[in-house]
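Please read it alongside the sequence and the coordinates.

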Amino acid sequence: MTQIRTDIAVVGAGVAGLAAACALSGAGFKVVLVHRGPAPVRDAYKVPDGPFDRRVYAISPESAGLLADVGAWDALAAGRLAPVYDMRVYPRAGLGVGDADELHLSAWEAHADALAWIIEQDNLQHALSVSLPKKVREVTAGLDGIDWTDDGRAVIARLDDGSRVRASLLVGADGASSAVRAHAGMPRVGGTYDHHAIVAHLRTARGHRDTAWQWFGEHGVLALLPLADSALDAAHTAGAFAAVAGGAGSFVSEGTHGRAVSLVWSTGPDRAGALLADGAEALSRSVQAVVGDLLGEMRVIGEPAAFPLARRWVPDPVAERLVLVGDAAHQMHPLAGQGLNVGLGDVGDLAAVLGEARASFAGSGFDPGQPLLLRRYRRRRAEPVAAMLTVTDGLKALFGPRAAGVPGLPLRLLRDAGWRAFARQGLLRRQVLRYTTRQP
Ligand SMILES: Cc1cc2nc3c(=O)[nH]c(=O)nc-3n(C[C@H](O)[C@H](O)[C@H](O)COP(=O)(O)OP(=O)(O)OC[C@H]3O[C@@H](n4cnc5c(N)ncnc54)[C@H](O)[C@@H]3O)c2cc1C
């Protein structure tokens with residue numbers, strides 16, 4: 001039986017796990033990355049050169065900073081990055097630029113390079129996999145169980161290929177169905193939302209103006225994120241072009257702004273099912289009915305999909321010689337586009353807590369799994385995780401389709417009045433901007 005010894009074992013090579021392996025290795029720890037495969041991550045993630053990945057993320061400036069720190073930012077396929085310079089949010093379908101109820105946030109106002117960057121998942125995973133320091137050892141296997149040594153000095157990950165990894169600290173970055181969490185018996189609370197998210201990409205006749213758009217209302221929450229035009233794959237857009245060229249011929253270039261957007265439409269499960277079942281043409285028309293003519297004619301490209309949504313979190317993401325990061329620790333509604341950003345916040349704080357302690361430790365044999373440090377990590381993460389869960393949940397409850405016991409007409413009027421005040425109030429908006437861009 002093979003037994004590998006290391007300081008830290010990271011289980012899971014999604015974005016959070018890859019980032020954790022890079023950051024913890026960069027902080028001076030010996031790291032083993034356990035990845036379920038099928039191939040080692042250094043081979044599994046390729047430079048994206050095909051159609052858009054269905055999964056795209058709005059990456060915050062703070063997350064971009066972490067990616068830069070581990071060397072992954074410069075490894076991203078730059079032509080597939082779309083900056084978000086503006087966010088325009090509306091309390092009802094059909095509203096558009098300049099409407100009195102528009103909430104407009106701009107990078108210019110925030111003195112930031114961008115409010116966020118829209119990046120495909122495969123682009124992120126590839127950039128992180130090539131940034132993995134050579135000294136990070138990869139093991140391609142799944143997790144079968146966890147044991148703790150009798151002397152309390154180590155945790156042992158039992159893998160399904162029969163091997164074992166003995167570490168001072170185990171980091172569970174294995175997503176919402178985390179096996180690490182299950183094997184460690186860490187309780188999770190929360191539940192599913194009455195929402196599924198439809199994700200799809202659309203070609204638009206007008207440029208998106210590097211803007212992220214969002215409409216709340218009876219239809220649910222519909223967001224459009226700008227995509228980089230250069231990622232458009234000729235093969236998979238040819239159909240859309242031909243179809244339109246034969247019709248209105250309206251897909252013409254508009255300045256330098258991209259003309260592809262990523263849709264995240266959160267709505268009730270029945271409606272989501274019907275929207276998917278009716279096919280791409282009908283979905284395009286339904287999106288258009290909410291968005292109006294703002295971006296001109298819109299056509300779905302590629303295959304749409306739906307994801308059930310949940311709000312679940314582990315009240316204590318720390319156990320003996322073990323921490324959880326990313327979706328293993330918390331899942332939230334995607335309406336604020338923050339789930340992965342909060343996960344990368346976990347990674348940044350974990351690497352900072354352990355790295356700072358290690359740097360000020362004089363002797364040899366520093367122990368990254370000592371309870372004091374794990375408690376420090378828990379304290380640092382408690383507030384940002386709770387705040388984001390509360391914000392996303394509150395917005396969903398206030399603006400979602402009529403949930404049981406929520407808004408009758410008076411409450412909706414109050415909500416709309418509050419929205420208007422917020423949208424126009426400079427100080428509040430600036431605070432949101434500061435939070436979004438994490439500026440002091
Ligand atoms: C529709 C939608 C839109 C979203 N948009 C955004 C957005 O714009 N911005 C944002 O910040 N967030 C967004 N999110 C949230 C984001 O998708 C998640 O927070 C993020 O994907 C979680 O990453 P992770 O690395 O923690 O987990 P995962 O991506 O789930 O990765 C977990 C990894 O662990 C591996 N694994 C699992 N079990 C084992 C095992 N037993 N052994 C070994 N490996 C294992 C898996 O194979 C996988 O590689 C969105 C979510 C949804 C549903």
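**Confidence**

The model is predicted. The mean pLDDT of the protein chain is 87, and 84% of its residues reach 70 or more. Two stretches have pLDDT under 50: residues 233-256, for which the model has 28 contacts beyond four places in sequence, and residues 403-407, with 6 such contacts. Where pLDDT is low, the predicted coordinates should not be read in detail.

**The eight-stranded sheet**

An open sheet of 8 strands has the order E6-E5-E13-E14-E15-E12-E16-E19, with mixed pairing. Which strands stand at its edges? They are strand E6 (103-106) and strand E19 (330-331); each has a single partner strand, so one side of each is left without a neighbour in the sheet. Arg 312 has Gln 331 of E19 as its bridge partner.

Helix H7 (residues 269-277) packs on this sheet, where it touches E12, strand E15 (260-267) and E16, and its direction makes about 25° with that of E12. Helix H8 (residues 280-291) runs at about 70° to E16 and lies across E12, strand E13 (211-217), strand E14 (220-226), E15 and E16.

**The three-stranded sheet**

A further open sheet consists of 3 strands in the order E3-E7-E4, and its pairing is antiparallel. E3 and strand E4 (82-84) are the edge strands, each pairing on one side only. From one strand to the next, the twist averages 25°. E4 pairs with strand E7 (residues 116-120) in the antiparallel sense over 3 bridges, and Pro 83 has Trp 117 of E7 as its bridge partner. Helix H4 (residues 121-131) lies across E3 and E7 and runs at about 90° to E7.

**The E9-E10 hairpin**

Strand E9 (residues 143-148) and strand E10 (residues 155-159) pair in the antiparallel sense over 5 bridges. Ile 146 has Ala 157 of E10 as its bridge partner. The two strands form a hairpin with 6 residues between them, and Gly 152 in the turn has a positive phi of about 75°.

| Strand pair | Number of bridges | Bridge partners |
|---|---|---|
| E9 and E10 | 5 bridges | Ile 146 and Ala 157 |
| E4 and E7 | 3 bridges | Pro 83 and Trp 117 |

**The ligand shell**

The ligand is surrounded by 32 residues, of which the closest are Gly 12, Gly 14, Gly 175, Gly 326 and Gly 339. Helix H1 (15-26), strand E2 (31-35), strand E3 (56-59), strand E12 (189-204) and helix H9 (339-359) are the elements that give two or more residues to this shell. Which element gives the largest share of the shell? It is H9, with 4 residues. By residue class, the shell divides into 17 nonpolar, 12 polar and 3 charged.

**Glu 320**

Glu 320 is found in the loop between strand E17 (318-319) and strand E18 (322-324). Is Glu 320 buried, exposed or partly exposed? Glu 320 is partly exposed because 13 other C-beta atoms lie within 10 Å, where a buried residue would have 20 or more and an exposed one 12 or fewer. Glu 320 and Trp 148 are 172 residues apart in sequence, while their C-alpha atoms are 8.5 Å apart in space.

Definitions and conventions. Residues are numbered from 1 along each chain as its sequence is written. This is a predicted model: local features need pLDDT of at least 70, side-chain atom pairs count only at pLDDT 80 or more; totals for chains, interfaces and linings use all residues. A residue is near a molecule or strand if its C-beta atom, placed from the backbone, lies within 6 Å of it. Ala, Val, Leu, Ile, Met, Phe, Trp, Tyr, Cys and Pro count as nonpolar, Asp, Glu, Lys and Arg as charged, and the others, Gly among them, as polar. Two strands pair if DSSP finds at least two bridges between them. Axes are lines fitted to C-alpha atoms, for helices over the stretch in contact, and angles run from 0 to 180 degrees between N-to-C directions. Two residues are in contact if their C-beta atoms, placed from the backbone, lie within 7 Å. pLDDT is the predictor's confidence in each residue, from 0 to 100.
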